[in-house]
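Hi,

Here is the structure I promised to pass on.

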Amino acid sequence: MTRHNVYAPNKIANDHLQSYATSNLNIFQGAPSYSSCNSPIRYEIRKGLLAGKYVGRVVVFLRGTGCEWMKTGGGCTMCGFHLATNAGVKINDEAQFEQVEKALNETRKYHYPILCLYNDGSFLNPNEISREVAAKILNLINKSTWIKKTGSMTI
Ligand code: SF4
């Protein structure tokens, strides 16, 4: 499959981007999927800004299904996230939820108010993560009292 919607202002740049995206796609399609995806890749403690103050921030790198944009056309040319994903093979709901549950269990001791969940794709794309498990994850975060909620979470 070739990517069809690369845009660049001239033919040389366009051809270059096209070839880069095609090579991304080939790498993605040839990448192995994981036999077990029920643990996050890792987490890191960083700083974040909340209401003008620096606070602790937990960044969790989840094993994601893989970005559908990458799967269907080679993705964004600057992106290498696909290398850490399940190569487009959808991770089952239980494993997706278990990853977040484990991450929260391991990091709750910090009581940091910011949580960043990176899944190297889209949390809102049901082909990558089903709506049911996304709602379950949001419910779990909602119950995690140490995480600051800055908007309404209607699930
Ligand atoms: S994960 Fe984000 S940046 Fe990477 S290809 Fe997908 S949409 Fe683009």
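Let me start with the ligand: by class, its shell has 6 nonpolar, 2 polar and 1 charged residues. Here Ala, Val, Leu, Ile, Met, Phe, Trp, Tyr, Cys and Pro count as nonpolar, Asp, Glu, Lys and Arg as charged, and the others, Gly among them, as polar. The residues around the ligand are Cys67, Trp69, Met70, Gly75, Cys76, Cys79, Phe81, Asp120 and Gly121, where being near means that the C-beta atom, placed from the backbone, lies within 6 Å of the molecule.

Two things to keep in mind as you read. This is a predicted model, with local features needing pLDDT of at least 70 and side-chain atom pairs counting only at pLDDT 80 or more, while totals for chains, interfaces and linings use all residues. Residues are numbered from 1 along each chain as its sequence is written.

Next, the helices. Helix H3 (residues 93-107) packs with helix H4 (residues 131-143) at an angle of about 15 degrees, and their axes are 9 Å apart. That makes H3 roughly parallel to H4, the term for angles under 35 degrees. (Axes are lines fitted to C-alpha atoms over the stretch in contact, and angles run from 0 to 180 degrees between N-to-C directions; helices are DSSP runs of H or I with at least four residues, strands are E runs of at least two, and both are numbered from the N terminus.) On the H3 side, Asp93, Gln96, Phe97, Val100, Glu101 and Leu104 meet Glu132, Val133, Lys136, Ile137 and Leu140 of H4, a contact being C-beta atoms, placed from the backbone, within 7 Å. By class, this contact of H3 with H4 has 6 nonpolar, 1 polar and 4 charged residues.

Then there are some backbone angles to check. Most residues other than glycine have a negative phi. Ala51, however, has a positive phi of about 50 degrees, and sits in the loop between strand E1 (42-50) and strand E2 (53-61). Ala51 is exposed, with 8 other C-beta atoms within 10 Å (20 or more would be buried, 12 or fewer is exposed, and in between is partly exposed, with C-beta atoms placed from the backbone).

Finally, Thr77 is in the loop between helix H2 (68-73) and H3. Leaving out residues up to four places away in sequence, Thr77 touches Leu17, Tyr20 and Ala21.

Cheers

Technical notes: Parallel < 35°, antiparallel > 145°, perpendicular 65-115°, else oblique. Contact = placed C-beta atoms within 7 Å.
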